[in-house]
Number of protein chains: 2
Amino acid sequence: MMTPTGGEGAEKMDAEDGVNCSDYEHDIENEESGGYWSGIYDRNMAHTMPLLMKRANTTSQIAIVGANPCPIESLDYEIFDNEILKNDWRSKKKVQIIHYVMLKWGFALLIGLGTGLVGFFNSFAVENIAGFKLLMTTGLMSKHRYLDAFLAYAGANMCLAAAAAALCAFIAPAAAGSGIPEVKAYLNGVDAQNILAPSTLFVKIFGSILGVSAGFVVGKEGPMVHTGACIASLLGQGGSHKYHLTCTWLRYFKNDRDRRDMITCGAAAGVAAAFRAPVGGVLFALEEAASWWRSALLWRTFFTTAVVAIVLRVAIQFCATGKCGLFGEGGLIMYDVSSANITYSASGIFAVLLLGAIAGILGSIYNYLVDKVVRTYSIINGKGAFSKISLVVTIALLTSCCYYFLPWIAKCIRCPSNSTVICPSVDESGDYKSFQCPPGYYNDLASLFLNTNDDAIRNLFSPRIIKEFHITSLFIYFATIYCLGIITYGIAIPSGLFIPVILAGAAYGRLFGRLFETITELDRGLFALLGAASFLGGTMRMTVSLCVILLELTNDLLLLPLVMLVLLVSKSVADSFNKGVYDQILKIKGLPYLEAHAEPYMRNLVTRDVVSGPLITFSGIEKVANILQALNTTGHNGFPVIDEPPFSDSPELCGLVLRSHLLVLLKEKIFSRDRGFANQRIFQRISTLDFGKAGSGKGIKLEDLDIQEEEMDMYVDLHPITNASPYTVVETMSLAKAAILFRQHGLRHMCVVPKSQGRPPVVGILTRHDFMPEHVLGLHPDIMPHKWK
Amino acid sequence: MMTPTGGEGAEKMDAEDGVNCSDYEHDIENEESGGYWSGIYDRNMAHTMPLLMKRANTTSQIAIVGANPCPIESLDYEIFDNEILKNDWRSKKKVQIIHYVMLKWGFALLIGLGTGLVGFFNSFAVENIAGFKLLMTTGLMSKHRYLDAFLAYAGANMCLAAAAAALCAFIAPAAAGSGIPEVKAYLNGVDAQNILAPSTLFVKIFGSILGVSAGFVVGKEGPMVHTGACIASLLGQGGSHKYHLTCTWLRYFKNDRDRRDMITCGAAAGVAAAFRAPVGGVLFALEEAASWWRSALLWRTFFTTAVVAIVLRVAIQFCATGKCGLFGEGGLIMYDVSSANITYSASGIFAVLLLGAIAGILGSIYNYLVDKVVRTYSIINGKGAFSKISLVVTIALLTSCCYYFLPWIAKCIRCPSNSTVICPSVDESGDYKSFQCPPGYYNDLASLFLNTNDDAIRNLFSPRIIKEFHITSLFIYFATIYCLGIITYGIAIPSGLFIPVILAGAAYGRLFGRLFETITELDRGLFALLGAASFLGGTMRMTVSLCVILLELTNDLLLLPLVMLVLLVSKSVADSFNKGVYDQILKIKGLPYLEAHAEPYMRNLVTRDVVSGPLITFSGIEKVANILQALNTTGHNGFPVIDEPPFSDSPELCGLVLRSHLLVLLKEKIFSRDRGFANQRIFQRISTLDFGKAGSGKGIKLEDLDIQEEEMDMYVDLHPITNASPYTVVETMSLAKAAILFRQHGLRHMCVVPKSQGRPPVVGILTRHDFMPEHVLGLHPDIMPHKWK
């Protein structure tokens with residue numbers, strides 16, 4: 001029996017998840033004028049959901065339409081508690097549980113190994129490609145063939161850039177950008193289509209190598225996080241039928257909870273591999289990436305990053321023998337800031353505070369401009385693959401011009417007499433580029449620009465006695481990198497934000513140190529590090545994880561108090577202007593991210609106020625036709641099940657049943673002619689494994705069902721597949737508290753129960769959609785923050 | 001109207017919190033035969049709760065008995081959502097919110113400053129007292145007055161020990177032990193009486209100094225965590241009326257949520273101060289101490305520990321000028337393990353894995369024995385102050401004998417020729433103790449025993465080229481420290497567990513390194529560090545925080561992969577035998593700690609199965625007499641409020657009202673003769689500040705009320721003080737899921753609502769007590785893990 005209750009008109013058929021996609025697509029199209037995703041998804045497709053319905057009553061076969069995969073899907077982290085799962089759990093032997101746990105750890109090991117190897121391969125490839133390119137350029141320059149050198153340099157950059165863009169445009173558009181916001185959204189419960197697909201992984205790895213080699217102001221760190229998450233997701237798919245890689249045990253991981261845990265490990269492994277910072281990786285996952293955390297996960301993540309650390313160690317030990325071509329020791333960035341002799345003076349601390357405060361302002365401006373640029377680019381990118389590639393090549397040309405021509409402005413500096421390295425340098429990663437200078441002199445700006453990003457950072461971090469930069473050179477470098485960083489993010493290549501921000505921050509810090517050298521004795525290399533820290537704090541707004549990452553990079557814990565201080569200052573200052581850069585990108589992409597805290601105005605509302613649309617409920621024993629109709633006419637993914645007389649004394653809440661589970665039951669055709677319980681038959685035919693969540697777009701679809709006309713009037717016993725313990729809230733529960741409950745438990749559906757007697761046992765269902773500010777403020781436009789109507 | 005529903009007989013009046021104390025006291029007395037707390041609380045007092053009731057109906061004054069403070073009280077971390085609080089929040093201006101936030105950060109600053117200073121003072125005092133003692137002893141020995149030396153040494157130790165024990169026994173018994181389990185319990189929602197009182201703070205600081213100076217195998221780290229928590233709690237008391245230190249703003253912090261956050265900061269600051277490890281402190285709070293965590297808290301904790309780090313830095317910079325007496329640079333432990341040249345060979349990794357595995361076994365045995373010893377000692381300690389002090393002095397004598405006489409066994413070792421320090425040493429903290437050896441020789445065992453614990457650790461961590469130990473010496477030292485560590489914990493002095501475990505672990509690791517030196521090239525100092533890490537992992541079962549603490553102590557991040565590895569191995573091995581040492585102590589102390597995970601058998605139960613006792617509910621507008629009777633006859637702290645006709649169409653759940661809020665309303669006497677709403681009057685008379693939770697034992701008591709006979713028949717409007725959004729679960733909710741919900745939101749009460757019609761809107765209340773294994777298995781003894789009845 002289908003009971004429409006609540007009713008606010010038939011047009012509002014959107015109480016459920018299915019609508020998220022159309023709603024958010026709508027947002028993107030109207031408000032954001034051509035959102036980020038628009039180039040990725042077919043715009044028209046979204047509009048077909050969820051209201052398309054076509055039922056051919058006259059034929060014996062039912063044509064079912066409307067199950068197009070939704071671009072954005074909510075994930076369900078709830079512990080599902082139905083009879084079949086319980087039964088399975090009870091029959092599980094202890095040895096099986098041990099297998100399961102061992103498999104979990106095995107996966108963590110594999111994620112660590114995979115991410116570690118990819119991280120090493122990435123650095124190895126970048127160092128060799130970029131190194132070869134730079135060798136060629138400096139070789140031509142040393143023969144005074146300056147125009148040829150520029151053409152070779154710019155040509156190589158543009159080719160590499162075009163290749164990266166082509167990969168992104170044609171194979172996996174989802175691989176563009178940092179990837180951290182998408183991973184963050186996934187861990188919050190929002191699955192954007194293809195974001196963790198194998199094709200995305202492929203493009204992310206190779207696109208990142210090409211992009212970084214092309215000399216863009218981009219890093220490999222964000223893409224590494226995404227790569228780690230993709231590797232984890234691939235392992236969590238439960239094998240592959242296509243390649244005959246299946247086993248029963250793998251299928252136990254076919255659920256959102258286990259995948260979430262694995263992807264958290266993957267994200268941590270990514271940071272660990274990118275920065276060689278295992279503890280920083282764990283903290284990054286904890287502070288920035290994950291929305292849910294358990295101490296068991298802390299341990300597993302830690303194990304994964306330890307594996308990454310060991311893989312990298314062994315690889316570097318191997319490369320130390322010189323078998324890795326141009327890959328030196330510095331490919332995985334690790335700097336030595338040898339300024340152990342830090343004294344704390346009042347003027348020094350004042351300088352550091354000022355450094356942090358200015359960096360906070362610069363960081364928030366950076367975020368503001370990145371936001372604008374990404375919105376503009378998404379219009380360009382939306383026009384097709386050719387536009388995407390053109391944009392990338394244009395930026396590559398611009399970057400090449402800046403990098404090649406700006407060093408001509410700089411004055412030549414005499415080589416230091418006490419240096420242990422050859423000056424001017426002769427190899428590709430030299431820190432004293434000769435450029436146009438006479439022998440015995442070097443060009444400080446060329447040493448920064450015509451180098452890999454990692455080497456440029458190492459240069460900036462170097463102590464005063466080893467390396468000196470002109471104030472004008474530092475200023476030119478800072479301004480160029482700051483601007484290039486802003487206009488580079490958003491183009492269709494995998495592009496991390498860490499390196500641009502660290503580069504700009506280090507240049508800023510070193511410049512600041514030079515300007516304020518009269519009032520403080522702190523070394524300029526240290527100032528560069530503090531500048532980098534403060535810029536990171538000002539844009540990304542992380543604290544502990546950044547602090548630990550920087551410490552692991554520089555291997556000097558004595559710097560800790562100062563790094564903490566600038567991070568805190570810059571984050572506080574920047575927070576008073578706008579949000580962190582990842583949160584901004586999340587918003588541009590229209591991903592319905594649930595914040596940890598409820599909005600203040602939600603305290604003035606109760607759950608009843610936001611429940612919308614007619615509620616579709618099922619009886620405990622329901623007619624096949626009713627179920628099919630509900631599945632057909634709505635995009636809902638969960639339906640409350642109500643037991644009614646004669647099966648109970650009065651209507652009572654039995655639980656919640658999921659669309660995917662209903663489809664399993666319908667496919668198995670466990671129907672009966674009379675309204676009776678069918679537990680036994682269901683237990684025999686269906687096992688937990690049938691409930692495994694398939695990879696995106698692979699589950700049973702409505703179209704796959706082949707239900708005959710005579711079966712339409714038969715009954716299905718829903719009890720065994722009903723989650724008997726759905727999370728419920730009373731209709732008068734404060735919306736703020738309900739939102740926190742929803743978010744903390746990673747729910748997809750939350751039942752609203754009445755507070756008084758004589759009404760149906762469920763009065764509505766809340767989904768992620770219902771907590772979104774757009775929805776809430778749409779229903780109650782007069783409720784403004786801090787005001788009571 | 002008072003509605004007894006649910007009813008299972010009048011004797012089971014214990015559905016609520018109030019009973020926790022009597023129930024757990026009961027546990028302690030019968031099962032644990034003289035539990036840990038028994039020496040602290042008056043045993044008889046507990047039995048008066050919660051059933052004592054005396055009502056003098058004939059007099060106009062009502063004598064109220066039975067509100068004795070309960071030794072263990074649940075905390076309420078729920079966001080209380082009643083009309084008065086909402087009204088207050090709505091009227092709050094933005095500037096007030098900014099003040100509130102600034103005050104929060106101000107408190108974090110104060111906690112950091114306070115804990116940092118105490119940490120420094122602690123080290124300063126210990127180094128000076130212990131240094132003076134050792135100087136005296138070695139001075140006498142150098143004159144060959146060996147007996148006098150022993151008498152001086154043992155006498156000083158026993159006096160210091162007796163002083164520490166006397167402080168503990170007479171002033172604050174709650175200050176005994178580590179304090180970490182109690183802080184952990186507090187942050188889980190269990191407030192043990194006096195655990196964060198000012199007297200406890202005082203004894204913790206001075207008792208710890210005396211105890212560590214007395215040469216016990218105890219550390220100052222656990223007590224520092226407790227100290228940090230006490231300082232935070234003191235600041236969170238909302239000022240003091242007694243000393244006229246009050247202000248309106250401070251009173252906004254008078255609630256469990258804000259106090260919890262501050263105490264989390266305090267615990268982190270404690271670790272930061274003890275180990276000079278700010279990041280390790282944050283992670284300790286996250287991994288071990290806190291049960292709830294928010295990213296906002298991460299940031300604030302980080303700030304607190306940064307302040308601690310800066311305070312310590314400045315203090316050490318000050319002491320470097322030689323103004324701190326015998327306090328050297330090493331007072332706050334910080335070791336240098338200079339074995340940067342680590343190579344990874346298969347045999348080396350195998351040795352490290354073996355080291356971890358054996359340490360896991362030794363660690364779990366350590367935990368097992370500590371458990372037994374603490375249970376035995378609690379009987380002795382329960383016999384009064386004299387027994388306590390005697391026990392402490394006995395252990396002090398035993399320790400002194402071991403420390404003084406065991407070095408006589410050791411052979412003299414020739415001083416290294418290449419040493420940069422004087423050998424044998426002449427000052428008190430020398431690493432080459434002459435003891436009975438001839439000039440040019442030193443006694444390796446004396447260098448470990450007759451030194452402060454910090455210096456002994458530094459000795460063990462020193463690289464091979466600097467220092468050598470005999471295998472027998474290492475074995476003797478390891479065995480002695482392992483045994484002394486076990487028999488020392490549980491005596492009535494503040495005693496940390498970190499240092500004993502690190503000492504035993506470092507000796508074990510160095511011994512292991514010597515035994516396996518043929519198969520690995522890793523340095524013995526490094527093995528000592530790995531041994532310490534593995535022992536810590538085997539007893540405390542932390543991972544990330546220990547790893548970071550050890551790295552911050554040794555300042556060498558290159559060791560990271562190996563430290564991670566041994567920690568993981570030793571924790572995994574030890575976890576298969578028993579629980580972490582803090583969890584064991586929590587259990588011995590009978591603190592009702594809620595685990596993050598529900599027990600497996602809870603999946604077979606629903607909430608209805610554990611609800612016990614008759615439910616006491618109030619009407620929305622209730623008679624004074626009924627309220628008083630309910631408060632008198634029960635120990636409940638929360639009562640559901642039900643609106644009934646004529647105020648609603650049918651009985652409906654209005655919310656939950658707290659005992660403390662009822663007392664405020666009764667004290668203000670906002671009564672009326674007729675059953676009508678009184679919102680306006682209540683808003684005028686009562687503000688949020690009246691609801692502030694007073695320090696333990698300071699709130700309004702039933703005895704304070706002065707209700708006249710004629711007022712008994714008047715009515716009170718409970719609506720404005722009722723929490724309209726209590727957390728609810730349906731009666732068929734799985735108990736496992738309800739337990740997770742309860743724990744994740746830090747609740748004190750959870751309402752159980754019926755799943756069907758025609759029954760009262762609330763069928764029971766769940767409290768912490770109802771989720772305890774003792775209670776659940778008591779009601780359902782046939783439900784065993786992994787079995788279904």
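Mentor: UniProt positions are given here in the numbering used for this structure, feature names are shortened, and annotations may be inferred rather than shown by experiment. This is a predicted model, in which local features need pLDDT of at least 70 and side-chain atom pairs pLDDT 80 or more, while totals for chains, interfaces and linings use all residues. Residues are numbered from 1 along each chain as its sequence is written, and chains are lettered from A and ligands numbered from 1 in the order written.

Trainee: Which residues of chain A are called CBS, and on what record?

Mentor: The unreviewed UniProt entry annotates residues 721–783 of chain A as "domain: CBS".

Trainee: What makes H21(A) a mostly covered helix?

Mentor: Helices are DSSP runs of H or I with at least four residues; H21(A), residues 560–575, has 16. A residue is buried if 20 or more other C-beta atoms, placed from the backbone, lie within 10 Å of its own, and 14 of the 16 residues in H21(A) are buried.

Trainee: How many residues of each chain take part in the contact between A and B?

Mentor: Residues are in contact if their C-beta atoms, placed from the backbone, lie within 7 Å. The contact takes 59 residues from chain B and 58 from chain A. H12(B) supplies the largest share of chain B's side, eleven residues.

Trainee: Which residues have the most contacts inside the largest nonpolar core?

Mentor: A nonpolar core joins buried Ala, Val, Leu, Ile, Met, Phe, Trp, Tyr and Cys residues through C-beta atoms within 7 Å. The largest has 481 residues, and Val563(A) and Val563(B) have the most contacts inside it. Val563(B) touches residues including Leu530(B) and Cys547(B).

Terms used: Contact = placed C-beta atoms within 7 Å. Helix = DSSP H or I, 4+ residues; strand = E, 2+ residues; numbered from the N terminus. Expected span 1.5 Å × (residues − 1). Buried ≥ 20, exposed ≤ 12 C-beta atoms within 10 Å, placed from the backbone. Lists of a residue's contacts leave out its neighbours within four places in sequence.
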